[in-house]
Amino acid sequence: MSSTVVEPVPRGTLGARVGRGLKDWVPALVVFVAGIALWEGLVRGLDIQNFLLPPPSDIVQTLWTERDVLWSAAWFTFEEALGGWVIGCSAAIVVAIVLARWPLIAAAVMPFAIAANAVPIIAFAPITNNWFGALNQLSKMVIAAVLCFFPVLINTLRGLTSVRPQQIELMRSYAAGETQIFRRVRIPNALPYIFTGLKVATVLAMIGAIVGDYFGGSQNALGIQIRRQAGVFAFTEAWAAIMIASILGIAFYAAVAAVERLTMGWHPSARATTE
Amino acid sequence: MTVVSLEGVSKEFGTGGVRALQEIGIEIAEGEFVSLIGPSGCGKSTLLRIIGDLIQPTSGAVVVNGKTAHQARLDRDYGIVFQDAVLFDWRTVAKNIGLPLEMMGWDRRRRSDRVKQLIDLVELTGFEGHHPWQLSGGMQQRVSIARALSFDPPLLLMDEPFGALDEMTRERLNLELLRIWEASGSTVVFVTHSISEAVFLSTRVVVMSPRPGRIVGIVGVDLPQPRTADTRESPRFAELIRDVRRILRSGGGLDVEEPSGEEALIAAEEGLQ
């Protein structure tokens, strides 16, 4: 076998493992700039009324002039989303581990979990306001948490159970018990699945928090801002609030994706960055 | 000393269902290299798993290293290699090899010394920090073999370990495996469906018939040790291949065989005579 000369592949640097090269981003950047320009041009060229769609330049301007109010509201709502995300995701991972470890419990519980998943959870927002108090951030966290729970549960469970039978045979040949198999095979195997769930959950948590705000709460919340500004025909202000919600949502998602890339340099999905 | 002893081992899958193995009896002595050969569905992989206590026989007695197969598994008396390397993607080469040692509670220092020895043995120096997806199929299988050898088990169970590799890699790894076997002095039970591979590697070839799997013949391989690339050229090698093929045919299993290049050549020669 010494006749084949195979050189070790150098391991990627931190920068290469986190993000792609700058030139990979150029096409997306071009589309972004073109999209904004098209929006601006169409709104101005066709003289579209401000309450239908304000031009991006107005939105950015409002974003800047109203930055204190908007930022404080955005942070308040982001705390709701983040809190809900943490509660919902940790609960889902714990439950998934229990269900994977004792399949009998899973068989008894999963039909109800799947049925519960079909319930439009956002409809419960007025109820959680009643339970925890509309002004209490916890009432929105609960909505966000419940929204996050199912996708993370389903993904984690799939990751824990989609282990190749030979991996289990191998572990048993080393006299491993269930706990060892969990720690050394099932949980690491589930990590990519868990991260997929966690990323989906960031989006759901933002939706839960903002829609939760719509049903009433502190005046200093992003959802309330959007609703109130739209109610008094201050559409540019409403759009500015939507914009900051989007930016926070994307940043939340990107942060989780960055952690994923850092912790899973071993995963084949990291291939593109190390070669 | 007998390392593996099977007596009247039968296996049925399902209640009163498919009979996979029927009355298997064989004794394998220390230091032997025994191949199990037969067509697909003859239960040779099942038999290997019964020896490893990964499947329970329906009836019969299995003694491994002087104890029950179950106790032998708990004592980690064997290392196993599958057709697929079964490496853990999240572990580097070194950590994959060291996994059994970690589970046996070896401390870090002792572990890394041993892993280094094994990396040298299977010639993967420089790849310690690589992850499985960065390796070729042959290299992955070498990691898998190193892992099975890491804790120096008296018995090595191999389930078509080179079945998924190309012919050239397979022949190279065959030689490699023989070198390792001679160096370690362990006993090997090797499942394959390649006649030439079985003859080349083994001290004995156990020929099995298709469903239900039975032993239809055992061929003692008297080729001189150590075997080299030239071994394949010797007339005795061709003779032994012919013997194994005859027994396979009498057992009703030859039509399922896929002959390799040289086997096809020998078959053609036979046809001419």
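Predicted model: local features only at pLDDT ≥ 70, side-chain atom pairs only at ≥ 80, totals over all residues.
User: How many helices and strands does chain B have, and what makes a stretch a helix or a strand?

Analyst: Chain B has nine helices and ten strands. Both are DSSP runs numbered from the N terminus: a helix is H or I with at least four residues, and a strand is E with at least two.

User: What does the radius of gyration of chain B agree with?

Analyst: The radius of gyration is taken over C-alpha atoms, and the globule rule is 2.2 Å times the number of residues to the power 0.38. For 273 residues a compact globule would have a value near 19 Å; chain B has 19 Å, and therefore agrees with the rule. Along the principal axes, the C-alpha atoms of chain B fill a box of roughly 60 × 45 × 35 Å.

User: Why is B:N65 called buried?

Analyst: A residue is buried if 20 or more other C-beta atoms lie within 10 Å of its own, exposed if 12 or fewer, and partly exposed in between, with C-beta atoms placed from the backbone. B:N65 has 21 other C-beta atoms within 10 Å, so B:N65 is buried. This residue lies in the loop between strand 4 (59-64) and strand 5 (67-68) of chain B. Its phi is positive, about 55°, although B:N65 is not a glycine.

User: Is B:E160 buried or exposed, and what makes it so?

Analyst: B:E160 has 20 other C-beta atoms within 10 Å and is therefore buried. B:E160 is placed in the loop between strand 7 (155-159) and helix 6 of chain B, and its phi, near 45°, is a positive value in a residue other than glycine.

User: Is A:R44 buried or exposed, and how do you know?

Analyst: A:R44 has 11 other C-beta atoms within 10 Å, so A:R44 is exposed. Its place is in helix 2 (residues 22-45) of chain A. The C-alpha atoms of A:R44 and A:A106 are separated by 57 Å, with the two residues 62 apart along the chain.

User: What makes helix 3 of chain B mostly covered?

Analyst: Eight of the eleven residues in helix 3 of chain B are buried. Among them are B:V93, B:I97, B:L99 and B:L101. The cover over the buried residues includes helix 4 (108-121) and helix 5 of chain B. Just after helix 3 of chain B, B:G105 has a positive phi of about 80°.

User: Why is helix 5 of chain B called roughly parallel to helix 6 of chain B?

Analyst: Axes are lines fitted to C-alpha atoms, for helices over the stretch in contact, and angles run from 0 to 180 degrees between N-to-C directions. Angles under 35 degrees count as roughly parallel, over 145 as roughly antiparallel, 65 to 115 as roughly perpendicular and the rest as oblique. The axes of helix 5 (residues 137-149) and helix 6 (residues 167-184) of chain B come within 11 Å and cross at roughly 15°. Helix 5 of chain B is therefore roughly parallel to helix 6 of chain B.

User: What is the angle between helix 4 and helix 9 of chain A, and what is that arrangement called?

Analyst: Helix 4 (residues 67-101) and helix 9 (residues 178-214) of chain A pack at an angle of about 150°, with their axes 8 Å apart. Helix 4 of chain A is therefore roughly antiparallel to helix 9 of chain A.

User: How many residues of chain B are in contact with chain A, and what makes two residues a contact?

Analyst: Two residues are in contact if their C-beta atoms, placed from the backbone, lie within 7 Å. On that basis, 25 residues of chain B are in contact with 20 residues of chain A. Helix 2 (69-74), strand 6 (78-81), helix 3 (93-103) and helix 6 of chain B each supply at least two residues of the side of chain B that touches chain A.

How values were computed: Residues numbered from 1 in each chain as written. Chains lettered and ligands numbered in written order.
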